[in-house]
Amino acid sequence: MGFYLRPQTVSDALTALAGGRYTVLAGATDHFPARVLTRPAEDILDISGVADLDVIRVDAGGIWLPARATWRAVSDAGLPPFAGALVAAARQIGGLQVQNAATVVGNLCNASPAADGIPVLLALDAEVELARLGERRRIAVADFVLGNRRTARAPDELVLGVHIPAPALPARSVFMKLGARAYLVISIVMVALAAEFLPDGRIAAARVAVGACSSRALRLPALEATLCGRFPDPDLVQPDHLAPLRPIDDVRASAAYRRSAALTLLRRAVTSLDEPGCGPT
Ligand SMILES: Cc1cc2nc3c(=O)[nH]c(=O)nc-3n(C[C@H](O)[C@H](O)[C@H](O)COP(=O)(O)OP(=O)(O)OC[C@H]3O[C@@H](n4cnc5c(N)ncnc54)[C@H](O)[C@@H]3O)c2cc1C
């Protein structure tokens with residue numbers, strides 16, 4: 001059994017990380033289920049008591065999701081329509097008990113190919129804020145997640161939170177997930193689409209990301225370019241747009257099924273941009 005630290009300030013947390021190798025824990029809903037029947041050996045830095053890391057802030061510049069922001073807090077925060085994909089993901093991750101404890105940042109740092117939050121953060125163009133003693137930096141989520149369970153975080157760094165920039169134009173985003181059942185399920189495929197709209201309803205800018213179809217969630221730049229300047233139309237999404245994806249066969253689905261499901265979900269996501277309640281606001 002290793003050390004267990006529960007600091008109350010960011011400064012104390014960073015001092016601990018500078019002085020030894022700790023596993024950072026937030027909700028621990030990824031960490032502990034992966035270690036069932038094993039004796040905890042590592043030193044734990046539990047950030048669940050750290051002040052200043054739990055208040056979600058929304059201002060003209062965007063949304064700040066601090067490291068302790070749970071999925072439940074995201075659901076309840078009354079976020080603006082451009083973050084609709086994040087709220088939709090928050091309501092589909094695990095069940096209520098998991099949503100009450102599990103954090104957005106934990107989902108990101110765990111870097112599972114099946115993490116529902118990562119395609120959403122990619123589509124929302126989010127940045128990760130990291131800190132080590134005396135130093136802070138921000139990097140794009142696309143540069144933070146390097147692969148299956150691999151991130152750009154150094155061992156002495158703490159992720160303080162994630163910033164989602166406010167879009168320049170009226171915008172909406174959608175999240176769609178396919179699993180073997182509706183709830184409490186690891187995704188077979190999930191897609192996130194964020195779009196900004198011109199006054200006439202055409203798409204001015206789009207970001208599209210697909211998860212569980214590669215070792216990490218990926219954006220689809222060719223599809224994003226195709227959507228720009230067009231009215232939302234599912235027929236704009238073509239199989240060639242999925243070329244960057246590298247789905248695998250596993251216990252949940254075959255690669256071919258994943259590819260086909262991704263195409264269908266992407267078309268549904270584009271269609272839903274045009275549905276009542278999902279237009280530009
Ligand atoms: C029953 C059940 C259902 C689930 N359903 C889903 C689901 O539908 N979709 C889904 O995507 N996930 C699901 N999960 C997985 C998990 O709940 C989520 O990924 C969750 O968001 C992880 O957050 P956490 O705070 O619990 O992370 P933790 O377990 O505390 O941490 C996860 C990883 O991130 C690191 N970490 C956490 N915070 C920081 C930080 N601030 N700085 C640096 N490193 C950090 C930890 O060291 C660890 O490696 C489920 C889990 C369970 C048990």
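I take the radius of gyration over C-alpha atoms, and the globule rule as 2.2 Å times the number of residues to the power 0.38. With 281 residues, a compact globule would have a radius of gyration near 19 Å, and the chain has 19 Å, which agrees.

**Entry 1: ground rules**

The model is predicted, so I use local features only at pLDDT of at least 70 and side-chain atom pairs only at pLDDT 80 or more, while totals for chains, interfaces and linings use all residues. Residues are numbered from 1 along each chain as its sequence is written, and side-chain values use heavy atoms, with hydrogens and water left out.

**Entry 2: the chain overall**

I looked up the box along the principal axes: the C-alpha atoms of the chain fill roughly 55 × 45 × 30 Å. The chain has 9 helices and 14 strands. I count helices (H or I, at least four residues) and strands (E, at least two) as DSSP runs, numbered from the N terminus.

Buried residues make up 48% of the 281 residues in the chain. Buried is under 20% relative accessible area, exposed is over 50%, and partly exposed is in between (1.4 Å probe, protein chains only). The accessible surface of the chain comes to about 12,900 Å², and carbon and sulfur atoms hold 54% of this. Areas are from the Shrake-Rupley method with a 1.4 Å probe; for residues, only the protein chains shown count as cover.

Among contacts in the chain with a separation of 6 or more, 60% join residues 24 or more positions apart. A contact here is heavy atoms within 4.5 Å.

**Entry 3: the ligand**

Which residues come nearest to the ligand? I find Val24, Thr29, Asp30, Thr103 and Asp116, out of 32 residues around the ligand. Near means that one heavy atom of the residue lies within 4 Å.

By class, the shell holds 18 nonpolar, 10 polar and 4 charged residues. Ala, Val, Leu, Ile, Met, Phe, Trp, Tyr, Cys and Pro count as nonpolar, Asp, Glu, Lys and Arg as charged, and the others, Gly among them, as polar. Strand 2 (23-25), helix 5 (104-110) and strand 10 (158-165) each give at least two residues to the shell. Helix 5 gives the largest share, 5 residues.

I then checked polar atoms. A polar backbone atom of Val24 is 2.5 Å from an oxygen atom of the ligand. In the side chain of Asp30, an N or O atom is also 2.5 Å from an oxygen atom of the ligand. For Gly94, a backbone N or O atom lies 3.1 Å from an oxygen atom of the ligand. The ligand taken alone exposes 990 Å², and the protein buries 86% of that.

**Entry 4: helix 3 and its end**

I listed the buried residues of helix 3 (residues 84-92): Ala85, Leu86, Val87, Ala89, Ala90 and Gln92. These buried residues pack against strand 5 (62-66), helix 2 (71-76), helix 4 (96-101), helix 6 (117-123), strand 10 and strand 11 (171-178).

Is Gln92 buried or exposed? Gln92 counts as buried because its relative accessibility is 19%. Leaving aside neighbours within four places in sequence, Gln92 is in contact with Gln99, Phe175 and Lys177. Just after helix 3, Gly94 takes a positive phi of about 55 degrees.

Most residues other than glycine have a negative phi. Ala111 has a positive phi of about 55 degrees and lies in the loop between helix 5 and helix 6. Ala111 is buried, with a relative accessible area of 1%. Arg149 has a positive phi of about 65 degrees and lies in the loop between strand 8 (145-147) and strand 9 (150-151).

I found His241 in the loop between helix 8 (221-227) and helix 9. His241 is buried, at a relative accessible area of 10%. Which side chain makes a polar contact with the side chain of His241? The partner is Thr226, at 3.1 Å. A polar contact is a pair of N or O atoms within 3.5 Å; within protein, one must be able to donate a hydrogen and the other to accept it, and residues adjacent in sequence count only if both atoms are side-chain atoms. Not counting residues up to four places away in sequence, His241 touches Leu220, Ala222, Leu223, Thr226 and Leu236.

Thr271 is in helix 9 (residues 255-273) and is partly exposed, with a relative accessible area of 32%. The C-alpha atoms of Thr271 and Pro232 are separated by 6.4 Å, and the two residues are 39 apart along the chain.
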